[in-house]
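Subject: Structure for you to look at

Hi,

Have a look at it first, and then read on for what turned up.

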Amino acid sequence: MTAAAPRALAERLRDTRERLENDIDLWLASAGPDGAYLVPLSFLWDGDAFLVSTPRASVTGRNLLADGRVRLSLGHTRDVVVVDGTAEAVDLAGLPAGTGDRFRDRTGFDPRDLDAYQYFLIRPHRVQAWREANELRGRDLMRDGVWVG
């Protein structure tokens with residue numbers, strides 16, 4: 001199978017931003033005393049950060065509360081977006097008005113209805129995107145929290 005020609009930076013940025021705005025779920029990897037842990041979570045992207053929610057007592061919740069370093073992945077292996085970022089525990093009251101409703105409407109999941117759930121705001125530091133090996137060069141779309149291009 002022949003891979004399509006690599007996308008130009010502008011196209012790759014547009015495709016990545018579209019995925020962030022339109023996807024509903026992602027994979028979140030965290031690490032703690034028991035090793036690495038990977039879970040699927042729904043998210044809300046506000047243009048600057050991801051909002052996720054998970055039980056505070058879950059392995060993921062404990063990992064994020066202890067060490068906010070996180071890696072996210074969206075898409076499938078032949079059209080992937082990988083994000084390295086830092087998670088910060090936030091209360092819904094500390095977010096802009098209507099955020100809880102937007103999260104519920106976007107994801108179909110309302111953690112406000114569940115006991116012991118914690119919201120986490122994940123600020124990306126690095127974003128990469130590629131489809132095939134021919135797109136590995138130029139895969140960094142954000143460095144140190146700043147979009148390239």
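Predicted model: local features only at pLDDT ≥ 70, side-chain atom pairs only at ≥ 80, totals over all residues.

Let me begin with Gly 47, which sits in the loop between E3 and E4; helices (H or I, at least four residues) and strands (E, at least two) are DSSP runs, numbered from the N terminus. With a relative accessible area of 37%, Gly 47 is partly exposed, where buried means under 20% relative accessible area, exposed over 50%, and partly exposed in between (1.4 Å probe, protein chains only).

Residues are numbered from 1 along each chain as its sequence is written, and side-chain values use heavy atoms, with hydrogens and water left out.

Now the overall picture. The chain has 3 helices and 9 strands, and from the N terminus on the elements run α-β-β-β-β-α-β-β-α-β-β-β. Its radius of gyration is 16 Å, close to the 15 Å that the globule rule gives for 149 residues, so the chain is as compact as a globular protein of that length. That radius is taken over C-alpha atoms, and the globule rule is 2.2 Å times the number of residues to the power 0.38. Along the principal axes, the C-alpha atoms fill a box of roughly 50 × 35 × 30 Å. Of the 149 residues, 40% count as buried. Among contacts (heavy atoms within 4.5 Å) between residues at least 6 apart in sequence, 63% join residues at least 24 apart.

In helix H2 (residues 59-66), the buried residues are Thr 60, Gly 61, Asn 63 and Leu 64. They cover an arc of only 165 degrees around the axis, which puts them on the same side of H2; the arc is that of the directions from the helix axis to the C-beta atoms. Strand E1 (25-32), E2, E4, strand E5 (69-76), E6 and E7 are included in what covers them.

Helix H3 (residues 99-107) has Thr 99, Gly 100, Phe 103 and Thr 107 buried. Here the arc is only 105 degrees around the axis, which puts these residues on the same side of H3. Their cover includes strand E2 (35-42), strand E3 (44-45), strand E4 (50-55) and strand E7 (117-130). Just after H3, Gly 108 takes a positive phi of about 75 degrees.

Two other positive phi values may interest you. Most residues other than glycine have a negative phi. Ala 116, which is not a glycine, has a positive phi of about 70 degrees. Ala 116 belongs to the loop between H3 and E7 and is partly exposed at 40% relative accessibility. For Asp 144, phi is near 55 degrees, again a positive value in a residue other than glycine. Asp 144 is in the loop between strand E8 (140-143) and strand E9 (146-147), and at 75% relative accessibility Asp 144 counts as exposed.

What about aspartates within strands? Asp 84 lies in strand E6 and is buried, with a relative accessible area of 18%. Leaving aside neighbours within four places in sequence, Asp 84 is in contact with Val 70, Arg 71, Arg 123, Pro 124, His 125 and Arg 126. Asp 25, in strand E1, is partly exposed, with a relative accessible area of 46%. With neighbours within four places again set aside, the contacts of Asp 25 are Leu 41, Ser 42, Phe 43 and Leu 74.

Best wishes
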